[in-house]
Amino acid sequence: MRRGLKITLVSVTGAALALNTAACGGKKSSSGDGGGDGKKSIKVGLAFDIGGRGDQSFNDSAAAGLDRVKKDLNVTTEEISAKPDEPDADKESRLRLLAGKGYKAIVGVGFAYTNAVVKVAKDFPNTKFLVVDADQCQVTGANVEGACFSEEQGSYLVGAAAALKSKTGTIGFIGGVNTPLIQKFEAGYAAGAKAAKPGIKILPAKYLTQPPNFDGFKNPALGNEAAKGQLDAGADVIYHAAGGAGIGVIKTVGGAGKWAIGVDSDQYNQPAVSAVKDHILTSMVKRVDTSVFDFVKGVSDGTFQAGIKKYDLSNDGVSYATTGGFVDDIKAKLDQYKADIVSGKIKVPTKPGA
Amino acid sequence: MTGPMGDLPSDDDKLGLPPADTPDLPPDDASGLPPEEQPGIPETATPDADPAGSEQVPGWQAILRGLGPRGLALKIGAPVLALLISLLITMGVLRLAGADPVSSMQSMIDYGTTSNSVVDILNRATRYYLSAIAVAIGFRMALFNIGVDGQYRLAALLAASLGGAVTLPAPFGQMLVIVAAMVIGGAWASIAGLLKVARGVSEVISTIMLNAIATGIIAYLLNTDRLAANRPGSNNVATPDLPSSGRIGPLNGFLSNLGIDLPGRLYGLLPLAIVIGIVFWVVINRTRFGFDLKISGLSPTAAQASGVSAGRMIVITMVLSGVVAGLIGMPELLGASYNYSLNFPAGLGFTGITVALLGRNHPVGIALAAILFAFLDQSSDILQEVNVPKEIVGVMQGVVVLTVVIVYELVRRWEIRLQQKNVASELAAGHTVATEAAK
């Protein structure tokens, strides 16, 4: 039956390839309970980028906002995830599907939705749309809101904290996937570190993968290896902007007794890294959840405003976490930087090497 | 490892094949090699120079090259049977996932046949089709071009930046981009072909490696310091947009002249996929080159003996596969996105392998397979809307491929046995007649 074995092998390979490309992501999409709509209830649709709920990062942050919406407001929700091999047209269909089904508040998570949202919004004037991370911080349309975040500002503060806390004088940065978005984190981090301690040595930024391979946001083993490399190079504070792969960074850095800096949410409170939470110096918090919550709230109580909404240090749309109290001794300094950035005295670069 | 994998097909043998082995039949394998000693690599897999029509190709090669039943009734019956079986399995899976199979299927069909969806499905199928044809060219010669993914992405990036950099009057800009993509795709694929011929590197290994290298090169080049346009404050990186004279409009206008009104934008290059399919069929079935290619795949030694240069065939086949791979990104690039960016569809090369397998490497079969896969992918959104996890779509696609592959192979073997039995009984009858006549 050797031949039979070969058939199976080929078939399994073929199927595995199909599944590989088709079944990215991994978490079951949850949704509202469907029934039980009260009179004032609205339906909220959330269209994720690749990865979807469960990526321990950006999408999860949006999902957290949605969960809060579900708890606090009388709404039904629906989530749909993207496929990795889709062009803009598929994103449009996804939004169109949600809008056609009567969802009154629709969120596109990720800059890739910008064009699709602007286009679809024209056809559904009574539906309100939000793009998280609006591309080039621009949206058009009377029913479209774009949320954009100044990640570089928050990163500047954690960069300063890293430099001030480093004993070896060497710090590191690990990015998930090499995209302009993650480069903003790197740029702000390096600028903040240099401002706080001009002689600081910042290791060359390590990006886990290159697009279109988005494993760098998912695979903790990659973060693990990269963190080992930077620890070996003498870094004693490492900042990650690598989503789920960053779990590996934090565990490795924490296991070695050095400082890790978290990203997106306050990772000190995250169950996945609770074993090493005493080694999480701080986290660069990006309030994607707030932007989703505010948007839905605005739609449901009629205070929705179209156009760009900036989330930066001035409105705590980005910030640094103080949980654990590890940065209490340098808090005054960090707050001074923060005030200077808010007042415009410090201009934080958005591109590395600038 | 041999446990589950070894058991499964033997079960299927019992299940699908009547115990047709009459003891007076000659053994299947003319080579006389015990099955364990049959080498598993394409070059030497068919050492038997059996010129007869009912040549025994190892099962996995038959699957790759799309050999199937020969009779027309079985040609139609086999896929229908396979689809029915996979439909049943899918219903079962849906049931297990806690969904109502009938209503889920209903909503899939309802959503999949809306005119918006039809446009999306046709566009998606166009991409799958080109990708699967690129893969099928290699399969026909038992070459496993896994590098289609890297080939089309690299070709799309470089062709997009070339098209964005120069402005030519109407047909020439488009032609420049398309030809450039074909040349780049072919050149990138030729590396794997040359490595195989010159150094004996398995094309499976080298094309996987070349995919990774292509990703690295693209990441290096798609940078504002190099090929990408400067877009301040953007989270995306993209090549400069093609000039408006260098784009290809949607087919919708043409179709509405025919009385078919569709929303959205149907790829203007959809006809290109059809043309490629026809060319593929003609070249494989009606030319000397296609004959050489098929023969090289069926029996490299026989091909060599009849004067076909195996090395030359490998390189040419890989290049042709890469040339078609270069086209995969063109409908999207010229008809919708106008640039290569982080949002450009990725991973189509891998879907193409499955679609080619499902379509039996036949241009019509691939077209049907591409449309089926596109339909299933399209329905992933609506399934999520009715609370079925989107991963079910991947399961469905896997089930379809597995059943089609298994059913085809079983039907093919059954048909061969049937033929052999007929021939044997006719021979026996002839023998009796002859001996009686002699008396």
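**Exercise 1. A helix over a sheet**

Which strands of chain A does helix H4 (residues 114–123) of chain A lie across, and at about what angle does the helix run to E4(A)? Work it out on this predicted model, then describe the sheet.

*Solution.* 
- Step 1. Start with the helix. H4 of chain A lies across strand E3 (105–109), strand E4 (128–132) and strand E5 (144–149) of chain A. Its direction is at about 170° to E4(A).
- Step 2. Now place these strands in their sheet. The open sheet has 6 strands in the order E2-E1-E3-E4-E5-E12 (chain A), with parallel pairing.
- Step 3. Look at the ends of that order. Strand E2 (75–80) and strand E12 (307–311) of chain A each have a single partner strand, so one side of each lacks a neighbour in the sheet.
- Step 4. Take one pair in detail. Strand E1 (residues 42–47) of chain A pairs with E2(A) in the parallel sense, over 6 bridges. Within E2(A), A:Thr77 is the residue opposite A:Val44. As a reminder, strands of a sheet pair through backbone hydrogen bonds.

**Exercise 2. An enclosed strand**

Why is strand E11 (residues 280–286) of chain A described as largely enclosed by the rest of the structure? Name its partners too.

*Solution.* 
- Step 1. Apply the cut-off: a residue is buried if 20 or more other C-beta atoms lie within 10 Å of its own. In strand E11 of chain A, 7 of the 7 residues are buried, so the rest of the structure largely encloses the strand.
- Step 2. Find the parallel partner. Strand E10 (residues 259–264) of chain A runs parallel to E11(A), and 5 bridges join them. One bridge links A:Ala260 with A:Ile280 in E11(A).
- Step 3. Find the antiparallel partner. E11(A) is joined by 3 bridges to strand E13 (residues 318–320) of chain A. There, A:Val318 in E13(A) is opposite A:Lys286.

**Exercise 3. A covered helix in chain B**

What does helix H14 (residues 330–337) of chain B pack against?

*Solution.* 
- Step 1. Of the 8 residues of H14 of chain B, 8 are buried, and the helix is mostly covered. Among them are B:Met330, B:Glu332 and B:Leu334.
- Step 2. List the packing partners. The buried residues of H14(B) pack against helix H3 (88–100) of chain A. In chain B they pack against helix H5 (115–140), helix H6 (148–165), helix H7 (170–199), helix H10 (270–286) and helix H13 (310–327).
- Step 3. Step past the end of the helix. B:Tyr338 follows H14(B) and has a positive phi, near 60°.

**Exercise 4. Backbone exceptions**

Locate residues whose backbone departs from this rule: most residues other than glycine have a negative phi, and most peptide bonds are trans.

*Solution.* 
- Step 1. In chain A, the phi of A:Asp133 is positive, near 65°. A:Asp133 belongs to the loop between E4 and E5 of chain A, and it counts as buried because it has 26 C-beta neighbours inside 10 Å.
- Step 2. In chain B, B:Arg360 has a positive phi of about 55°. B:Arg360 sits in the loop between helix H15 (348–358) and helix H16 (363–385) of chain B. With 24 C-beta neighbours inside 10 Å, B:Arg360 counts as buried.
- Step 3. For the peptide bond, go from A:Pro211 to A:Pro212: the bond is cis, with omega near 5°. The loop holding A:Pro212 is between strand E8 (206–209) and helix H7 (220–232) of chain A.

How values were computed. Residues numbered from 1 in each chain as written. Chains lettered and ligands numbered in written order. Predicted model: local features only at pLDDT ≥ 70, side-chain atom pairs only at ≥ 80, totals over all residues. Pairing = 2+ DSSP bridges. Helix = DSSP H or I, 4+ residues; strand = E, 2+ residues; numbered from the N terminus. Contact = placed C-beta atoms within 7 Å. Axes fitted to C-alpha atoms, helices over the stretch in contact; angles between N-to-C directions. Buried ≥ 20, exposed ≤ 12 C-beta atoms within 10 Å, placed from the backbone.
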